[in-house]
Amino acid sequence: MNKNQISIVFNSFFVILAVLFSTNVSGQQNYVIDNSNHFWDKVQFGGGLGLGFGSGYTNISVMPSAIYNVNEVVAVGAGLQFGYLYQKHYYESFVWGGSLIGLVNPIPEIQLSAELEQVRVDTQYEATFNFPSYSDSYWNTALYLGAGYRTKNVTIGGRYDVLYNPNKSLYGSGFMPFVRVYF
């Protein structure tokens, strides 16, 4: 090879390297390294409070929860549940447990949900004319599938326990209306 041929090969090689390097450098400039933590910006807190009073009947429940918005469509979260039920001359019951929830918003106004709930039920029944007093403790598992209308932070809808068994369930029906609020 003569000097001109070596020069052409070297110059061509140098130009190719320069083009590759400049493309790589400009490509890297598009990526911004962000070390700030945005996790808490995507977390919303909410839950529910329930109060029911009647003639010799009391029902109090507290259900705090939190969700993490994976994106604008999907959110996942967890919740706790504490409850107290009392029926005069019949029973007193304590309920506690937790749940896992998944929310999907296919469009902003519609929210689909799946919630797995596991609660412990401890009940003390009072003696009646025909029966002596006794206690009952058990775990209740529910899998709710639901849908609701959503406007900003509030969703109103209904959910159904697909594992509902009238002989074992904590609730009197598999269907439950709900109001879900997250801030």
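Where in the chain is the place of Lys 152? Lys 152 is found in the loop between β6 and β7. I shall return to that residue after an introduction to the model.

What we have here is a predicted model, in which local features need pLDDT of at least 70 and side-chain atom pairs count only at pLDDT 80 or more, while totals for chains, interfaces and linings use all residues. Residues are numbered from 1 along each chain as its sequence is written, and side-chain values use heavy atoms, with hydrogens and water left out.

Let me begin with confidence. The score is pLDDT, the predictor's confidence in each residue, from 0 to 100. The chain has an average pLDDT of 84, and 80% of the residues score at least 70. Confidence is lowest in helix α1, residues 3–29, with a mean of 49; it is highest in strand β4, residues 91–107, at 96. Over residues 23–29 the pLDDT stays under 50, and the model has zero contacts there beyond four places in sequence, a contact being heavy atoms within 4.5 Å. Where pLDDT is low, the predicted coordinates should not be read in detail.

Next, the overall arrangement. The chain contains one helix and eight strands, in the order α-β-β-β-β-β-β-β-β along the sequence. Helices (H or I, at least four residues) and strands (E, at least two) are DSSP runs, numbered from the N terminus. Of the 183 residues in the chain, 24% are buried. Buried means under 20% relative accessible area, exposed means over 50%, and partly exposed lies in between, with a 1.4 Å probe and protein chains only. Among contacts between residues at least 6 apart in sequence, 43% join residues at least 24 apart.

I turn now to the pairing of strands, where two strands pair if DSSP finds at least two bridges between them. Strand β5, residues 110–125, and strand β6, residues 134–151, pair in the antiparallel sense over 16 bridges. Within that pairing, Glu 117 stands opposite Ala 142 in β6. Strand β6 also pairs with strand β7, residues 154–161, again in the antiparallel sense, over eight bridges. Here Arg 150 has Thr 155 in β7 as its bridge partner.

This brings us back to Lys 152. The hairpin of β6 and β7 has two residues between the strands, and Lys 152 takes a positive phi near 55° in it. Most residues other than glycine have a negative phi, and most peptide bonds are trans. Is Lys 152 buried or exposed? Lys 152 is exposed, with a relative accessible area of 73%. His 89 is not a glycine, and its phi is positive, near 65°. At 56% relative accessibility, His 89 counts as exposed.

Rings of Phe, Tyr and Trp (its six-membered ring) pair if their centres lie within 6.5 Å; planes under 30 degrees apart count as stacked, over 60 as edge-to-face and the rest as tilted. By this rule the chain has eight aromatic pairs. In one of them, the rings of Tyr 90 and Tyr 125 have centres 5.8 Å apart and planes at 75°, so the pair is edge-to-face. This pair links distant parts of the chain, since Tyr 90 is in the loop between β3 (74–87) and β4 and Tyr 125 is in strand β5, 35 residues apart. Tyr 90 is partly exposed at 43% relative accessibility, whereas Tyr 125 is buried at 18%.

Tyr 125 also pairs with Tyr 91: the ring centres are 6.1 Å apart and the planes are at 50°, so this pair is tilted. Tyr 91 lies in strand β4 and Tyr 125 in strand β5, so the pair ties together parts that are 34 residues apart in sequence. Tyr 91 is buried, with a relative accessible area of 17%. Tyr 90, Tyr 91, Tyr 125 and Tyr 134 form one aromatic cluster.

Finally, which charged residues sit over rings? A charge sits over a ring if NZ of Lys or CZ of Arg is within 6 Å of the ring centre and within 35 degrees of the ring normal. The charged end of Arg 159 is placed over the ring of Tyr 144, 3.7 Å from its centre. Arg 180 lies over the face of Phe 178, 4.2 Å from the ring centre.
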